[in-house]
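User: Could you walk me through this one before I plan anything around it?

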Amino acid sequence: MDELIGVWTLDGFSAEREGEVTHPLGEHPGGMLVYTADGWVSALLVPEGHGDRPAPEHATTAAYAGRWERSGDTVLHHVGLSLHAPWVGTILRRDVRLASETELELTTTSSSGAHWSLRWRRATA
């Protein structure tokens, strides 16, 4: 059984572009990531300003669903449905680091050199 299977909540998010680190979803972004044993993945990121709080200036809610597969230290998300139209039909390639049984980090580096890091904590019942 793959150690990724289950529900994860977003614990931190940062992006680095041209050496500058930002937190585009705020300090406490919220969010959920679900991996199922039969290969389905879904993710929802909620900006800090949801509900009655103002949203950060550049925050965007991103939600998608599709299939996933593990390849060594990489997880591939094959996006089938997404609120962000350009993602549909693409593969999101993320490097995986399990800091512990309850902490997961997924990182992505674009062809332009931008770097995203998403830290997740395993959800408890």
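Analyst: One term to begin with: buried means under 20% relative accessible area, exposed means over 50%, and partly exposed is in between, computed with a 1.4 Å probe on protein chains only. By that scale Asp 2 is partly exposed, with a relative accessible area of 22%. Residues are numbered from 1 along each chain as its sequence is written, and side-chain values use heavy atoms, with hydrogens and water left out.

User: What is the mean pLDDT of the chain?

Analyst: The mean is 82, and 80% of the residues reach 70 or more. Over residues 53-59, however, pLDDT stays under 50, and the model has 11 contacts (heavy atoms within 4.5 Å) beyond four places in sequence for that stretch. Where pLDDT is low, the predicted coordinates should not be read in detail.

User: Back to Asp 2, which residue does it form a salt bridge with?

Analyst: Asp 2 pairs with Arg 70, the closest N and O atoms being 3.6 Å apart; a salt bridge here is a side-chain nitrogen of Lys or Arg within 4 Å of a carboxyl oxygen of Asp or Glu. Arg 70 sits in strand S5 (residues 62-71) and Asp 2 in the segment before strand S1 (6-17), 68 residues apart, where strands are DSSP runs of E of at least two residues, numbered from the N terminus. Asp 2, Glu 3 and Arg 70 are linked in a network of salt bridges.

User: How many salt bridges in total?

Analyst: The structure holds 5. Among them is the one between Arg 121 and Asp 11, at 3.2 Å from N to O. Arg 121 lies in strand S9 (residues 115-122) and Asp 11 in strand S1, so this pair ties together parts 110 residues apart in sequence.

User: New topic: how do S7 and S8 pair?

Analyst: Strands S7 (residues 91-98) and S8 (residues 103-109) pair in the antiparallel sense over 4 bridges, pairing being called if DSSP finds at least two bridges between two strands. S7 and S8 form a hairpin with 4 residues between them.

User: And what is the bridge partner of Arg 97 in S8?

Analyst: That partner is Glu 105, and the side chains of Arg 97 and Glu 105 also meet in a salt bridge at 2.9 Å, N to O.

User: Is Glu 105 buried or exposed?

Analyst: Glu 105 is buried, with a relative accessible area of 17%, while Arg 97 is partly exposed at 47%.

Methods
pLDDT = per-residue confidence, 0-100.
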